[in-house]
Amino acid sequence: DLTGLFTEKPQCENITFVAKVNAESLLKKPSVKWFKGKWMDLASKSGKHLQLKETYDRNTKPYATLLMLFDVCSSTDGKDDSGELDFSALLKKRSIKPAHMNTDPDVDVWNILSHAPPSEYEKIAFQHGITDLRGMLKRLKKMKKEEKKSEAFLKKLDPAYQVLKGHKIKLGVEVANEDVEVKWFKNGQEIQKSGRYIFESVGNMRYLTINHCSLADDAAYTCVIGEEKCTTELFVKEPPVTIVKNLEDQMVMKGERVELECEVSEEGANVKWEKDGVELTRDESLKYRFKKDGCKHVLIINEATKEDGGHYKVKTNGGESVAELLVQEKELEIYQSIADLTVKAKDQAVFKCEVSDENVKGTWYKNGVEVKPNARTNISHIGRIHKLTIDEVKPEDEGDYTFVPDGYAFNLSAKLNFLEVKIDFVPRQDPPKIHLDCMGRTSDSTIIVVAGNKLRLDVPITGDPAPTVIWTKGEKVITEGDGRVHVESTKGHCIFTIEGAERQDEGIYSVVVRNPAGEDTADISVKVVDVPDPPQAPKILSVGEDSCIVQWEPPLFNGGDPIIGYVVERKKLRSYRWMRLNFDPYPETTFEAKRMIEGMPYEMRVYAVNSIGMSHHSPASQPFVPVAPTSEPIGLHVEDISDTSITLKWRAPERIGAAKLEGYGVEYCKEGTDEWIPAIQGLTERPSMTIKNLTTGDKLLFRVRAYNMAGPSSPAVLAQPVTIREIMQRPKIWLPRNLRQTLIKKVGENVNVLIPFQGKPRPKVTWSKDGQPLDPSIASVRNSDFDSIFFIRKTERKHSGQYDLKVQIENVEDTAKITLQIVDLPGPPEALKIADVWGFNVALEWKQPKDNGNCEITGYTVQKADKKTMEWFTVHDHYRRTHCVVSDLIMGNEYIFRVFSINLVGLSPEPLTTKDSVFIQKSGIDYKSPTYREHDFSEAPKFTHPLVNRSIIAGYNATLSCAVRGIPKPKVTWYKNKMDISNEAKYRMLSKQGILTLEIRKPCPFDGGVYMCKAVNDKGEDVVECKLEVRQEKKEASK
């Protein structure tokens, strides 16, 4: 789609791509770049196969850019124009599962990337916290797919390793020579041993340990042995980024700027923004702006529209946060309208109104003509209050005055009446007169004043001589002065003033005028109106999946003016920002709030509104969580039924929701009625219930509902009514599988067997042993409606036998049998004798024991003892036969033997010991030592370290060294220019541990030449030589 300044998409015609930009609103020519893939700037690839051209007309300002490709086939096959990040040819194609958000530190991101298609790279990088994806992929491309066999390394480094930031990692190789030394390099630089880098050598293994890994350790590491090396990549993964400060709900007016702000745990971390589940990308940057300031991330919407409302989500690889944005149309509220005025000449007229938006400006009109400020007319705008003030009112100022807010299709109008009082001179005395009718009021009129405002009442009076004026409220006389309520008398009128009207100023005020000719009285009713008191704390009647119903009581005092409606606000429990849910006053005291997030705790509060204004907010409601009722329980069925009870079972609902399940409510009603009766008071937590005390023969319907914080779910109802009557059921014994075989117990153990059965009515249960009724002294039996328990506290051998269980209902029965075998330790074997003795061997024979412990003999233990020490040693254990041979006896010793019997329980308590002993006779033996062939260790001489060519300075002693090996020790001879120098006094030959040294004392230039060392023994000879250069010492130039 076209976005921003683009008016035409890139078009592909043959080998030319064209893109046009609308530049009418730009001050200079725009800068346009072409990219291949997501990263490669094609400006750096201009050349033989690629050219960029631009056209720009300053008059019409269309801007076009062209990308032309030549010889496309050859250029795309080469490496010059290929994208650096295309690894599809290098990686194996494998089907992968969609990646989910994973914070497990053991996840191998290297392995995931190496098996993922290139289109998934960015998604994997965001989910696993990879910050330098581009660098990681470059290093991935450089890795070799196949490794060559190495002579120095038995096991090389893995292609890559991964470690969490702050953790440690151990890199290890196995070398062929355990004495060899290795060097470690990081990005080509040798690593020196330190507190963070530890080198270890254990046998053939060489280890590099890196402690407290940081992002600087994310590099290529190489282990070098001589000319061979192996390389790996270490990737340091940052820990998951969590959201420290969540987004907050906002409510704005249309056209306002919106900033959704959150704070994450790491600076520079990547986040994703979503609106109603759709990701917001950079393609929409003209609509949305993304701001990053350290750990703070801000989504900015410059001018909000109605379509921008919804749920916004910010996501990191370690968490997410959701907030709701509500965008309302601007509606200007009138808090105080202008009122009609009646003023006299030279007085001041003030028209005043108050609107809800302090930024709204307006225009004043008189009889349809705009009012301009002048010496007598002043127009002011302070906050939400607009005033038109006219000083020294004249008759021509009379007319209709209108205030029109800018941008709104309505106006406020009022009339200015000019009052001209004409008093004719009468020479005689006139009684006083109060002219309330001149003010448009009668004696029954009520003057309404807003609390906090000033009330000034100018009452015209006449009378000759000038009358005296007395103002009273009840029995209290109001005097002239500077108090908040005061009166003032001037010629022709009396003035009544209330500064900052309060609620107690309300009432009936009486004015009395007197002169010698008489008196006149009038009553003026003053009513003080104010904003109402705040309502009481609202109550939450019910909650839904994303809504709730809230109710409140009207305020105790309505401010003297009827309540127009209420304004409701909500906020998340841990937030500080309240969101208004309605702009127009809501007339009812029950309100349904919607568009909430399930599982998120909220609070509600209410304002009361009358014609004067809005009250303070009420106390917040109790916190609540919007949740939906669960789905109905499933699998409701009848488990059991009798004449007076029924057992029902069911399974938990498929959907439980955000609130935990509180329990189940079970109800029943008779067929043909609608009166559902609770089976128990309250709820049951178990998915089953037995309802008792029912009337036999009744046909009842049953239903079950699941309850959570939101209330009951839809009921699960049995499809057909159930008749309360016990059903005949054939007796059946359910013998456990382990009792179908012989039950073996040791003497002294207990036997506790539970055998379930079924049958209705309750069957008769009978036990017998070996065909005879069971003796209560042998075993205890306890029966119930559904099972029978057979119990022996301490078993004896006599308890062995067959036990029969019979379950019978009238003439129908079922039987089962249990075979019990009580086993004990066996007795000792019998008739142990020594059958034969020869050499170091003794043959023994015996017979089976008389008492086998009531179970099979599984073997025998044969032991021997020397009569000198009488310490017994086991010769055979678990030996199956009744005869054996004891071997490896020591000559000259006398032995006795004993045998134990073994069965399932263990060894017999007592063994059977031989009556006679056996003496092992001594016999002569000649020992012949083996002969071995002597190994030949001799070898020919071989120089293991050669002579090295040297250049020395004359006059200073010099040495030549080499190393030789040979067996027997070779004879060494030194030569100079093939001449034997063994007897020369100038030379001294040394030999120590195979190291040969020739020392030349104070050499001169004549001593230079070719020196040779020759080693000779019986196996052969070897020669090594070098060149020696003797230089003269340079003399100083001054000499």
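I began with aromatic pairs: rings of Phe, Tyr and Trp (its six-membered ring) pair if their centres lie within 6.5 Å, with planes under 30 degrees apart counted as stacked, over 60 as edge-to-face and the rest as tilted. With that in hand, I found that Trp471, Phe496 and Tyr509 form one aromatic cluster.

A note on what I am looking at: this is a predicted model, where local features need pLDDT of at least 70, side-chain atom pairs count only at pLDDT 80 or more, and totals for chains, interfaces and linings use all residues. Residues are numbered from 1 along each chain as its sequence is written, and side-chain values use heavy atoms, leaving out hydrogens and water.

**Aromatic pairs**

I counted 13 aromatic pairs by this rule. One of them is Trp364 with Phe403, a tilted pair at 5.0 Å centre to centre and 50 degrees between the planes. Trp364 lies in strand E28 (residues 362–366) and Phe403 in strand E32 (residues 399–405), so the pair ties together parts 39 residues apart in sequence. Strands here are DSSP runs (E, at least two residues), numbered from the N terminus. Are Trp364 and Phe403 buried or exposed? Both are buried, where buried means under 20% relative accessible area, exposed over 50% and partly exposed in between (1.4 Å probe, protein chains only).

I then looked up Trp552 and Tyr566, an edge-to-face pair at 5.3 Å centre to centre with 70 degrees between the planes. Trp552 and Tyr566 are buried too.

I found an open sheet of three strands in the order E46-E45-E48, with antiparallel pairing; two strands pair if DSSP finds at least two bridges between them. The edge strands are E46 (579–580) and E48 (602–610), each pairing on one side only. E45 (residues 563–572) and E46 pair over two bridges, and Arg570 has Met579 in E46 as its bridge partner.

**Salt bridges**

Side chains of opposite charge can pair when their charged atoms come close. I looked for salt bridges (a side-chain nitrogen of Lys or Arg within 4 Å of a carboxyl oxygen of Asp or Glu), and the whole structure holds 35. In one of them, Asp851 meets Arg797 at 3.4 Å, N to O. The two are 54 residues apart, and each lies in a loop. Asp851 is partly exposed at 34% relative accessible area, and Arg797 is partly exposed at 33%. I also noted a network of salt bridges linking Lys186, Arg196 and Asp217.

How values were computed
Helices (H or I, at least four residues) and strands (E, at least two) are DSSP runs, numbered from the N terminus.
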